[in-house]
Amino acid sequence: MNPQPNMGAGQRIPLVDGIEKVTGRARYTADLFAPEALAGRIYRSPFAHAEIISVDISEAIKLPGVVAIITGDACDTPYGILPVAQNEFPMARDRVRYFGEPVAAVAAVDDATAVAALKLIRMEVRELPVYTDAKSARAPDAVLLHENKKGNLEREVHNEFGDAAAGFAEADLVREQSFECAEVSHAHMEPHAAMATYDVERDQLTLHTVSQVPYYVHLTLARCLGLDTSRIRVIKPFVGGGFGARTETLNFEIICALLARAAGGTVRMKLSREETFLTHRGRPESHVRLKLGMKNDGRITACELEMVMRGGAYGGYGIVTILYAGALLNGLYDIPAVKYDGYRVYSNTPPCGAMRGHGTVNTRFAFESVMDSMAKELGLDPFEVRRRNLLNAPADTINGLKVMSYGLSECLDLVEQASGWRARIGKLLPGHGLGIACSHFVSGSAKPVHWTGEPHATIILKLDFDAGITILTGAADIGQGSSTILTQAVVEVLGVDYGRVRVIANDSAITPKDNGSYSSRVTFMGGNAAIQAAENLKKILVEAAARRLKVTPQQVECLGEAYTVFNQPERAVAFNDVVAEALIDTGTLTVKGTYTCPIEFQGGKQKGGAVGSTMGFSYSASVVEVSVDSDLGTVKVEKVWTALDCGFAINPLSVEGQVQGAVWMGMGQALSEETTYGKDGKHAAASLLEYRVPTFVESPDIEVFIVETIDPNGPFGAKEASEGPLAGMPAAIAAAVQHATGTSIRQLPLTPDRVLEAISSRKRGTARAKPAPIVTEEEVA
């Protein structure tokens, strides 16, 4: 029997679906469109804010080839993430609240007919004032977008932990600064798509879609279509990126299903890039005011944050985002007092939602920037200031978050040494600068969006006559490699050949329910469930091997592809023979593993305390080197050094890829990405020509360091590895630009015009004439 290479936990192996993706064999939703499917198209509002007087489809429905047309009357049930925030309909009813909002939809025999039908739809409205910024939407005389939301506030949050006033009184230095962060979009490679089939005779619906949360889509379809959940099947094929855009049910998914029922057949729907931008759910435009108190030695005494988010026209994830922005001030540093005021404001723009680093990125940009400026004012090294405020794990934060493992100190050491910070700071070429920032993120939300009492994750292993192990999971692999992690977990426990294991995911008729891919939860929760399932299967196989070997189970040693008697290697039975023994009298084996976060990790007792709670936090430190062209205002990121504490790296190759992706997305938000709207509410950057994401040309060399502080709760000690590094990037880049130019820019992105204006202001004497000196730790000593 040839020994197989170790492909279990800790190994650098390609993703299980990598071959399909690089060869083009992967089948995405739009690749699965049935030949007989009708073309579905959406009629979108040409107004950003208006009362609907009528929607006339009479001419459109007469067009030959049109099979069905639906309007807002097709569904009178609102939907949303949480019951308190369900105020959105699949298609507008009574009022439209943003340009491009769905109003009607057509199913026709082909695309040309569907497009022609859209042009025949007539909409009569009474226009209302358009509010494209939070300030105008909050004005006393502003028209309410939702009658039950006074002041156009979706949610306001006020909390204080510790005594902030006392903390500021104790401080030797108190500083307050304001920041502006542009709205950004996920810009995932695959545009939105769905295909719905309605079986008229059986009253059953099947939906193929691009979702990160098939389970939540399933529940929403049942709610909006009035169907029993047993009559719905949701299938998620390959997904070309998500980054949070697909962590809630989206209007086109429901519309496609409604159209299929109205047409009595199958409807395909592929949104254009512009429509994908309009569906949105990106990171909201944010105005941040942050105040810090600090002792002369760099210890933080208090923090006060005010966050105002322009959330768009509907609730969505906003009710959670505004909580995250304050809750995750904690958990990174040891802060004795935090006061937070958050305001999520409705506006006549597409709804915002969750995006990679959910709720933390703009807060972290402000915090790290103020921390840096105060360090410079006190003549302290930025690294030293951060070290003075480290947590001592295990620890409970002042808002009830548990920190069980904490490798930020090691992360700081690695990037400081690798970047040559001490030797190079203050000695770089003109126009070059270095910046440092830290960040963290949750390894899954400890409390699910829909609390049912069910486990947070369930994995089923199927073993049959072929001796192949099939992992059945509802966890959505959207490119982050979760199916690979589950496979490695099973292989590690059972010790079998990697090729013996396959994964079937995301078909509600076959796979167990999973809450979805959001808040970096799958590795932690799905991984723990997979380990338990594999251990349960291993117990059965050990017992079967014992019967074959005529010994007790305690005498059996599992070698993966063979089972032997301890200290008697000549007495062995092959894996396939063990399986044959295990199947006697039982047939196919299905073994389950589950995982549920213990109640003590599910957050504080205060209102909203569950947000930010997790079983483990990842930690990251990044140093960035930039060069700035003072004539053009352009910023080039020359190199990035990022260290991530992800606990045990189940797949180091995958971890490195996730860190690189997080750095790249953070760089985009810092330098170029910006969603803008005209005064009439029309999207001004609804294509990848206007919405500028970094390309390979702009991508710098990224040196990744993995810190493994084993978390007692994680699978093999692992934590999340995808979102933590992102939040530090905008602050690190801004700090590097300040070091290079002597200007402090507090508005993202750092576009050439803003950089040039800042440099010009400095030259006019409104800013310091040269870069502020950064003092090293040795010089402080």
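**Close-up views of a predicted model**

**View 1. Surroundings of V522.** Leaving out neighbours within four places in sequence, V522 has contacts (heavy atoms within 4.5 Å) with A475, Q480, S482, G516, S517 and G527. V522 belongs to helix α15; helices (H or I, at least four residues) and strands (E, at least two) are DSSP runs, numbered from the N terminus. With a relative accessible area of 6%, V522 is buried; buried means under 20% relative accessible area, exposed over 50%, and partly exposed in between (1.4 Å probe, protein chains only). A distance of 9.2 Å separates the C-alpha atoms of V522 and S483, which are 39 residues apart along the chain.

This is a predicted model, in which local features need pLDDT of at least 70, side-chain atom pairs count only at pLDDT 80 or more, and totals for chains, interfaces and linings use all residues. Residues are numbered from 1 along each chain as its sequence is written, and side-chain values use heavy atoms, with hydrogens and water left out.

**View 2. The loop residue D507.** D507 is located in the loop between β21 (501-505) and α15 (522-549). D507 counts as buried because its relative accessibility is 9%. Not counting residues up to four places away in sequence, D507 touches R233, V234 and I235.

**View 3. A sheet of four strands.** The open sheet has the order β18-β26-β27-β28, with mixed pairing; two strands pair if DSSP finds at least two bridges between them. β18 (432-442) and β28 (701-707) each have a single partner strand, so one side of each lacks a neighbour in the sheet. β18 and β26 (residues 617-628) run antiparallel and are joined by eleven bridges. V442 stands opposite F617 in β26.
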